[in-house]
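Here's a model to open up in your viewer. Let's walk through a few spots in it together.

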There are 2 protein chains.
Amino acid sequence: MELDDSPSEGEDEQLLDVSGLGVATWQRGDHRRWGGTNRKESTGAFQDILSVDSTSQYDDFHTIDWVRDVQKYRNQRKEILKKRHDSLRNKIYFYLYSGAGWIVISLVGLATGLCAGIIDIGASWLSDVKLGICANAFWLNQEECCWFQNNTAFGEEGCSEWYTWSEIFRDKSINAGSYIINYICFVLLSVSMASLAVLFVRAFAPYASGSGIPEIKTILSGFIIRGYFGVWTLITKSVTMVLAVAAGLSLGKEGPLVHVACCCGNLFAYLFPKYHLNEAKKREILSAASAAGVSVAFGAPIGGVLFSLEEVSYYFPLKTLWRSFFCALVAASILRWINPFGTDHLVMFYVEYDTPWSFYELIPFAVLGVLGGLYGAMFIKLNLWWCRYRKNSNLKRYPVLEVVILALITAIISYPNPYTRQNSSRLIANLFKECGPEDDTDLCDYQRNFTRVDQSIYPSAAARPGLKNALWQLSFALVVKAALTVFTFGIKVPAGLFIPTIAVGAIAGRIIGVSMEQMAFNHPAWFIFRSCSATGKCITAGLYAMVGAAACLGGVTRMTVSLVVIMFELTGGLVYIVPLMVAVVISKWVGDAFTKGGIYDSHIELNDYPFLDSKRDFIHNTLASDVMRPRRGMPELAVVTQDNMTMEDIEILLAETTFNAFPVIVSKESKRLVGLVYRKELAQALRKSRNKYDAVSQSKVYFTNDVPLYPAPDAPTSINLLYVVDQSPFQVTNQTPASTVVEIFRKLGLRTCLVTQNGTLQGIITKKDVLGHIGALDSIHPDSMLYQ
Amino acid sequence: MELDDSPSEGEDEQLLDVSGLGVATWQRGDHRRWGGTNRKESTGAFQDILSVDSTSQYDDFHTIDWVRDVQKYRNQRKEILKKRHDSLRNKIYFYLYSGAGWIVISLVGLATGLCAGIIDIGASWLSDVKLGICANAFWLNQEECCWFQNNTAFGEEGCSEWYTWSEIFRDKSINAGSYIINYICFVLLSVSMASLAVLFVRAFAPYASGSGIPEIKTILSGFIIRGYFGVWTLITKSVTMVLAVAAGLSLGKEGPLVHVACCCGNLFAYLFPKYHLNEAKKREILSAASAAGVSVAFGAPIGGVLFSLEEVSYYFPLKTLWRSFFCALVAASILRWINPFGTDHLVMFYVEYDTPWSFYELIPFAVLGVLGGLYGAMFIKLNLWWCRYRKNSNLKRYPVLEVVILALITAIISYPNPYTRQNSSRLIANLFKECGPEDDTDLCDYQRNFTRVDQSIYPSAAARPGLKNALWQLSFALVVKAALTVFTFGIKVPAGLFIPTIAVGAIAGRIIGVSMEQMAFNHPAWFIFRSCSATGKCITAGLYAMVGAAACLGGVTRMTVSLVVIMFELTGGLVYIVPLMVAVVISKWVGDAFTKGGIYDSHIELNDYPFLDSKRDFIHNTLASDVMRPRRGMPELAVVTQDNMTMEDIEILLAETTFNAFPVIVSKESKRLVGLVYRKELAQALRKSRNKYDAVSQSKVYFTNDVPLYPAPDAPTSINLLYVVDQSPFQVTNQTPASTVVEIFRKLGLRTCLVTQNGTLQGIITKKDVLGHIGALDSIHPDSMLYQ
């Protein structure tokens with residue numbers, strides 16, 4: 001039986017893995033010093049054990065108790081409510097206390113919007129620096145540079161004011177030599193940006209690596225990882241995200257933006273003890289912050305709120321819904337005001353279509369859904385395989401080298417192909433867009449007429465050679481992006497998954513869209529294409545790109561409503577929800593047939609985080625008695641009796657065990673349950689008794705109000721510690737189905753639950769036991785007779 | 001101590017109130033026959049008591065036990081999962097069982113869309129019938145009639161093919177006489193439609209009256225009202241809704257549409273025992289259905305889902321979110337396909353603005369928010385006052401007369417004013433709209449030029465006399481609508497609140513909007529108006545109408561996110577979210593300062609429905625021992641002991657008490673808890689024992705496996721009923737804070753919870769006790785020392 005929530009083996013390893021970068025070692029060591037499993041043999045050492053950190057309620061890498069935290073908040077609030085008439089100061093404090101939520105939320109929204117704006121501008125500029133520089137104003141990116149020179153119609157080669165590196169080093173003529181110079185500069189700059197990013201992460205905040213969403217999910221479900229939302233993490237993540245995106249690695253900034261928003265949330269929660277000192281309340285702020293993160297990442301406030309609700313948050317009361325919405329909206333408004341892309345839209349790939357879709361197009365959309373689901377399942381399997389390989393091989397010792405080599409390979413492969421060379425966001429924007437009248441890229445190489453007034457100036461569907469070329473290049477880009485992302489997600493730089501996945505899906509969708517378009521153009525007599533106009537423009541290839549993106553993202557993350565809403569907010573109209581929904585639902589079904597959960601859940605499992613998934617159903621027939629400790633044949637439960645233990649007995653118990661809590665019972669014989677006492681509080685109370693009340697080792701310790709009025713005359717001072725006992729522990733009977741136990745733990749956010757039978761204590765269940773039980777049964781087929 | 005969940009006094013009255021219309025009397029009577037509080041004195045009568053309805057798990061007007069229902073579902077599912085390999089039939093059954101949710105949801109979406117389409121078309125046509133009829137095609141409404149005759153630019157007087165009643169009866173000249181004829185026809189038709197509506201409701205389904213949302217909220221929170229979602233209710237509500245809307249009463253069809261959708265949900269749930277026989281699972285379907293209802297009412301699928309989440313549903317797991325979204329989307333797609341308004345939009349008042357708003361406009365928007373909040377609070381207070389008066393006076397005996405008189409007054413007042421005369425939806429559409437170049441109504445009576453090409457053909461802001469006239473008429477309409485709605489919400493016809501509230505808000509908003517516009521036009525030199533163009537067209541009066549509508553609706557219903565999202569889905573752009581949000585949040589704050597909850601919560605309270613509000617915080621310091629029964633000084637708890645009761649003892653206990661469940665304890669002395677046994681199951685088991693196993697009155701009944709192996713030789717057959725005991729009842733200690741108890745009841749959806757102290761049974765808490773406790777404390781100030 002073990003009440004300690006210390007991380008299990010797998011998690012330990014993962015944290016050591018992070019610690020390969022420096023900082024976490026200390027934290028792990030610190031944690032292990034007094035939370036570990038090494039049993040102290042001599043009772044003399046327990047004074048050391050008792051000196052725990054008394055300022056915080058929970059230890060690092062422990063789970064929180066939602067019910068107790070919420071109760072604490074209620075009591076505190078009632079206290080302040082009562083005192084508010086006493087003085088003006090109390091009144092002001094009361095109003096501050098009541099308004100704290102809205103103040104923090106506003107600040108978080110503001111900060112998130114600002115961070116996102118700065119990151120967007122920085123990443124956009126630094127991405128272009130790889131290609132060249134603006135002649136007279138180095139701080140402008142390519143588009144702005146050309147725009148400021150009134151040279152709006154710049155092609156892929158830039159405008160006159162934009163100098164590629166070869167032009168700076170040699171001259172303005174274009175030849176093979178300058179191509180090689182540009183290539184070399186591109187690769188060198190990419191690699192140096194990536195190296196800088198990984199070195200910063202290593203030096204300042206190892207927690208800044210990765211997307212952060214698996215960890216955020218775990219933390220929001222009630223787990224403590226100190227420093228994960230710290231200031232250093234915030235700064236490091238923001239800076240290195242810019243570097244990593246600019247380095248052209250196959251990663252995005254969406255997941256990391258959620259992490260940055262949560263850091264802001266944690267930071268501003270420090271302003272108010274109401275949130276700072278109450279882990280359950282703090283998580284309300286973090287839920288809202290994660291909504292703001294997605295809101296600025298996609299310019300989708302409603303989608304952000306639903307993402308927070310569906311994917312990230314664990315407890316999401318209605319109050320949080322409203323605040324999340326507010327926070328997301330403030331962040332989006334600030335970002336709009338910063339206007340990082342100069343387009344009055346929050347994201348680069350905002351589009352508006354004007355052609356409706358036809359019913360028969362649901363078939364290609366469904367095909368995209370199937371492909372997206374397959375891609376998602378394949379991606380998750382391959383990525384997990386690679387992450388497991390990294391974990392178990394020597395590779396984990398060289399995170400910097402891994403990033404440098406990956407950046408080198410990425411840069412070398414990416415440069416020759418225009419679609420892999422450019423910034424992923426810009427690529428997505430081009431793929432989502434319909435071809436306009438002035439679009440002269442390869443992708444929009446259609447026959448058009450500028451002379452006849454009676455016909456549309458929009459391009460017809462008749463393809464010219466450039467389009468075929470573009471399709472070949474896109475196919476190559478598809479393979480490259482898909483392959484690189486598998487190896488990139490999991491490296492030690494901030495790495496989001498959304499943008500590369502959207503890019504892969506958009507490429508696939510666009511290819512299928514253009515194929516459909518050409519089919520419709522070449523076979524106007526086919527029944528399904530009858531309704532098309534003579535120019536064959538009844539297929540919106542951009543919509544296919546968007547549906548493909550949704551399908552791939554759905555396959556990888558298994559998001560549903562929030563994904564559709566995010567995509568809906570990117571397009572103008574409600575009309576396009578149906579295709580998106582069809583693709584997302586099919587991709588989810590196909591994906592679920594191959595892998596159990598989305599990429600985030602898989603990474604949570606990979607890292608053995610103590611996350612009690614509320615989506616997965618527990619279908620086994622086990623009972624509470626199968627979940628609880630002690631199991632049959634194991635040593636008896638470590639308990640405290642209410643009236644016959646001495647100071648020394650309890651101190652020995654504390655020293656010899658590592659459990660976080662001890663049930664208090666009436667007597668060893670009757671085993672009737674009185675309550676639960678926590679190690680931390682018990683140790684503090686004992687110390688206080690020794691120091692203040694002259695309690696000695698032989699002093700009797702009572703946990704009841706039935707203290708004998710006249711103790712024996714020669715007995716040392718007895719003490720009553722009933723006040724540290726939690727007299728309202730949760731209890732279930734040993735006949736309770738395990739599925740009900742799981743539900744209680746999920747819904748109430750319990751940390752510990754006691755098991756009784758006919759009123760006598762039988763055992764104890766911790767969140768870890770529940771997780772262990774689920775894990776053990778997951779490998780057993782529910783039909784098996786083991787636990788019938 | 002009372003375990004019976006029978007309705008409390010107030011509810012009883014309300015139900016009697018409904019029963020004034022006929023059907024519910026029987027239901028009440030039936031309920032009272034075997035669930036009432038009239039204690040049977042003679043034990044001989046208990047055979048009658050034991051013959052309860054065994055087909056359904058719960059009785060009418062009882063609360064459900066979510067945990068047990070979900071557990072039942074899990075067991076059933078596991079059974080089917082296990083058997084699926086046995087035969088092909090089982091395999092098919094398994095797939096049907098797994099897919100049942102999606103099948104039902106699709107059917108519900110389909111049916112809801114169809115119902116909404118038919119209702120929209122019917123209401124639109126019948127509304128116009130009050131004014132006249134289409135000459136050669138009586139089945140067309142005014143707009144379609146004119147449109148079919150290629151007479152698109154019809155004014156308020158209609159086109160040549162549209163005949164007003166006076167034209168049919170007399171001739172085509174317009175004079176005072178024809179006005180009076182039209183007036184009389186209008187009033188007569190209105191009154192007859194309203195009378196028909198109320199008579200239908202009275203004759204076929206009393207439950208079809210009202211908006212239904214308070215009852216739906218209560219049912220979804222886990223209460224049984226049989227027949228509330230029946231087929232008759234569905235048909236009656238659909239038909240009478242058309243009549244009531246067409247009668248021109250100040251009511252809308254949004255709430256009733258939610259009710260209709262839920263009826264569809266209940267209907268299709270009958271197809272699958274999985275949903276039909278499991279009340280908890282059925283509520284998942286109903287949650288999705290209510291999303292579909294709002295979706296078709298406002299053409300807002302996402303808003304509908306959020307409405308279901310925020311306002312209606314109680315338990316909303318993520319699976320339900322996804323299904324609700326699907327259901328809402330199917331319904332919206334079907335409605336779009338039916339295209340009831342011929343505009344390709346789902347609602348009459350869909351708009352797209354193109355002018356952005358300026359920052360200073362937040363001031364008038366905030367003013368609208370304050371006004372909306374005040375209106376909401378005032379409306380709730382007045383409406384509650386009137387409903388209470390109706391309930392306590394003789395008025396409740398004449399529901400038909402009330403409707404007829406109200407319809408008469410409404411018709412008489414409404415006809416002279418064009419804004420009250422027209423269909424509310426059309427009024428709202430006109431108010432939301434910006435004035436177009438061809439708009440020649442009074443409301444758009446601006447100076448315009450059709451000659452100069454260099455200027456916009458859109459009207460300038462220079463007002464002409466018609467506008468002033470329109471404003472006066474609008475002010476009158478505002479007062480009339482607001483006053484009539486107070487008396488209308490609560491009458492015995494289907495009556496939604498959204499449309500009249502939106503109308504009131506839109507009128508107020510439009511008036512303020514036009515005032516702002518005129519101010520900007522007349523004072524172009526003012527600092528804030530500097531940015532306006534020369535024509536002064538920087539104020540969108542339609543946007544003000546929309547913000548006003550949101551503010552009023554927010555004040556009345558206290559919805560937040562869902563309201564903003566619904567309004568956002570009515571407009572084209574994300575840009576207008578900020579004004580809407582400002583207005584809604586301010587209106588909620590202002591409203592909350594005056595009345596505690598929204599109109600639905602107030603009506604739930606008025607009718608004393610057993611609804612455990614999950615939004616309101618419980619802030620009192622009471623303990624579980626204050627909530628539980630028996631209270632101090634009350635008779636002891638009625639319990640069953642595990643091994644020393646005879647058949648007769650138990651039968652007497654059942655006959656003498658009316659409790660729904662009895663705790664089973666080890667012995668009266670130790671009081672250690674074994675489990676809980678439900679009256680229904682216990683009675684059945686006893687009957688079975690008597691009939692099948694020859695048990696007699698003196699037979700020992702055991703509730704334990706420790707049955708003596710060798711009973712006394714002359715003892716009658718003993719029986720073991722352990723199998724009917726719920727061995728995993730929920731239990732809390734008597735020291736548990738009441739707020740935690742409330743939370744457990746809310747989050748787990750409990751029906752009963754046992755209270756223990758040191759392992760011994762102390763008492764029992766039912767949902768009714770929790771509601772009673774909250775109700776009792778609500779009248780006590782939390783600062784008071786009563787329960788410290």
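What follows is a short tour of a predicted model, starting with a pair of helices and moving on to a helix and a loop in another chain.

Start in chain A, with helix α21 (residues 498-522) and helix α22 (residues 541-557). Two packed helices are described by the angle between their axes and the distance between the axes. Here the axes come within 6 Å and cross at roughly 140°. Only angles over 145 degrees count as roughly antiparallel, so α21(A) and α22(A) are oblique to each other. Their crossing is right-handed. As for what sits in this contact, its residues split into 14 nonpolar, seven polar and two charged.

Now hop over to chain B and find helix α4 (residues 66-83).

Last stop: Arg751(B), in the loop between α29 (738-748) and β11 (752-757) of chain B. Is Arg751(B) buried or exposed? Its relative accessibility is 10%, so Arg751(B) counts as buried, the cut-off being under 20%. Follow its side chain and you'll find a polar contact of 3.3 Å with the side chain of His62(B). The Arg751(B) side chain also reaches the backbone oxygen of Thr63(B), at 3.1 Å.

Definitions and conventions. Residues numbered from 1 in each chain as written. Chains lettered and ligands numbered in written order. Predicted model: local features only at pLDDT ≥ 70, side-chain atom pairs only at ≥ 80, totals over all residues. Heavy atoms only, no water. Axes fitted to C-alpha atoms, helices over the stretch in contact; angles between N-to-C directions. Helix = DSSP H or I, 4+ residues; strand = E, 2+ residues; numbered from the N terminus. Parallel < 35°, antiparallel > 145°, perpendicular 65-115°, else oblique. Left-handed = near helix turned anticlockwise from the far one by under 90°. Nonpolar A, V, L, I, M, F, W, Y, C, P; charged D, E, K, R; others polar. Expected span 1.5 Å × (residues − 1). Buried < 20%, exposed > 50% of the residue type's maximum accessible area, 1.4 Å probe, protein only. Polar contact = N/O pair within 3.5 Å; in protein donor to acceptor, adjacent residues only side chain to side chain.
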